[in-house]
Amino acid sequence: MSAPALFQPLQLRELTLKNRVVVSPMCQYSADHGVPNDWHLVHLGRFALGGAGLVFAEATAVEPEGRISAADTGLYNDEQQAAFTRIVRFLKGQGAATAIQLAHAGRKASTRAPWLGGGPARAEQARNGETWRARAPSALPFTEGYPVPHELSREDMAQIKASFVASAQRALAADFDVLEVHAAHGYLLTQFLSPISNRRTDEYGGDRDARMRWPLEVTAEVRAVWPASRPLFVRISAVDGTEEGWSLDDSVAFGHELRELGVDAIDCSSGGVTPSTATIPDPKQHGYQVTFAQRIKREVGVPTMAVGRITDPELANAIVQGGSADLVALARTLLDDPNWPLHAREQLQPETLGDAAYPLPVGYAVKALKRPPR
Ligand SMILES: Cc1cc2nc3c(=O)[nH]c(=O)nc-3n(C[C@H](O)[C@H](O)[C@H](O)COP(=O)(O)O)c2cc1C
């Protein structure tokens with residue numbers, strides 16, 4: 001009896017994922033000076049023990065001012081690289097493949113952790129008292145109450161692009177299997193893509209091709225240093241949430257360009273360029289963003305990853321089996337149950353009940369609780 005679609009392996013370049021369950025990147029707002037620590041080891045490590053095929057480290061900044069908050073992880077110095085190397089080694093030791101999402105927050109940088117209320121940080125509220133002036137394609141704030149960012153000069157853009165490349169090289173040195181460029185959620189690359197946030201008058205602003213130019217240049221340069229044997233993903237906001245903004249048609253066009261550049265999977269999220277959610281399906285609906293992954297996969301012919309309130313194993317399996325996406329990424333569900341992949345396997349294929357290699361020693365406890373000896 002073959003495994004359910006969700007538990008079929010997937011080969012991307014020279015990487016074979018043992019199943020299609022991906023731990024979606026999740027900022028922890030718990031780093032000091034960008035360095036991941038024991039919190040990150042435990043947070044990510046638990047998902048590897050729980051059986052996920054691919055574990056993503058959170059949005060990790062390519063330079064200090066690209067951090068969303070002063071407590072974000074970064075990958076721009078040796079100390080951060082060494083700390084990630086330790087985490088990667090542990091995750092791989094537990095049978096998971098590893099990924100990191102490289103990011104720059106642009107005009108959404110220098111904010112407070114969500115549990116401190118979010119929004120722009122004031123020095124006394126920021127980790128280590130750090131705040132800084134954000135930079136963006138145009139001098140337009142994210143929303144009311146946010147500071148006006150500096151408009152990026154061409155030199156600034158070249159420098160940030162070089163930072164993406166340098167962080168990709170560090171990610172390779174740390175031995176991550178998969179690299180993802182974060183072009184979603186209203187952060188810097190999205191700010192270039194969306195006409196809401198990009199009002200540049202040079203060749204990086206204007207029509208869609210011009211707005212895609214810099215994100216595509218960044219992706220191309222990252223692909224050039226990321227080995228041909230390792231997959232590159234890009235997370236996009238398939239729609240930016242506004243009627244007059246970035247649309248799903250735009251994402252299909254962007255997807256074609258990404259595929260040409262050698263991107264191996266498009267990770268389909270939405271929103272974030274403004275607080276508007278007008279064009280985003282109701283996030284309470286299970287699988288609310290799956291149709292984005294489905295259309296991009298079908299029309300671009302590239303593997304996709306679906307994300308967004310995928311909580312039920314049957315739904316997750318149907319997404320893969322039905323060809324809507326090749327991978328499913330889960331965030332909050334896995335926080336709630338890091339053993340979700342093991343439980344999902346048993347639910348989808350009851351004859352495997354008891355076969356799951358539960359992590360030890362937790363495994364004994366879980367098995368004992370679930371299946372007391374008769
Ligand atoms: C605590 C937390 C942190 C997150 N941080 C990131 C991040 O670093 N990068 C990113 O692209 N998305 C981030 N997200 C969004 C998730 O990756 C995911 O797309 C979203 O939560 C929807 O999936 P879910 O319904 O399974 O939670 C975060 C979500 C949560 C709950």
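Predicted model: local features only at pLDDT ≥ 70, side-chain atom pairs only at ≥ 80, totals over all residues.
1. Residues are numbered from 1 along each chain as its sequence is written.

2. A barrel is closed by 8 strands with parallel pairing, in the order β3-β4-β5-β8-β9-β10-β11-β12; strands here are DSSP runs of E of at least two residues, helices are runs of H or I of at least four, and both are numbered from the N terminus. Two strands are taken to pair if DSSP finds at least two bridges between them. Between neighbouring strands of this sheet the average turn is 25°, direction ignored.

3. The bridge partner of D267 in β11 is M305.

4. Helix α1 (residues 38-49) and helix α2 (residues 78-93) have axes that come within 9 Å and cross at roughly 20°, where axes are lines fitted to C-alpha atoms over the stretch in contact and angles run from 0 to 180 degrees between N-to-C directions. That angle makes α1 roughly parallel to α2, given that angles under 35 degrees count as roughly parallel, over 145 as roughly antiparallel, 65 to 115 as roughly perpendicular and the rest as oblique. The contact is made by H40, L41, L44, G45 and A48 of α1 together with R86, I87, F90 and L91 of α2, contact requiring that C-beta atoms, placed from the backbone, lie within 7 Å. By class, these residues are 6 nonpolar, 2 polar and 1 charged (Ala, Val, Leu, Ile, Met, Phe, Trp, Tyr, Cys and Pro count as nonpolar, Asp, Glu, Lys and Arg as charged, and the others, Gly among them, as polar).

5. Helix α6 (residues 248-260) packs against helix α7 (residues 290-300) at an angle of about 50°, with the axes 10 Å apart, and the two helices are therefore oblique to each other. L248, S251, V252, G255, H256 and R259 of α6 meet F292, R295, I296, E299 and V300 of α7 in this contact, which has 5 nonpolar, 3 polar and 3 charged residues.

6. Around the ligand there are 20 residues, of which S24, M26, A59, A331 and R332 come nearest; a residue is near a molecule if its C-beta atom, placed from the backbone, lies within 6 Å of it. At least two residues of this shell are supplied by each of β4 (54-61) and α9 (332-336). The shell divides into 9 nonpolar, 7 polar and 4 charged residues.

Conventions. Contact = placed C-beta atoms within 7 Å.
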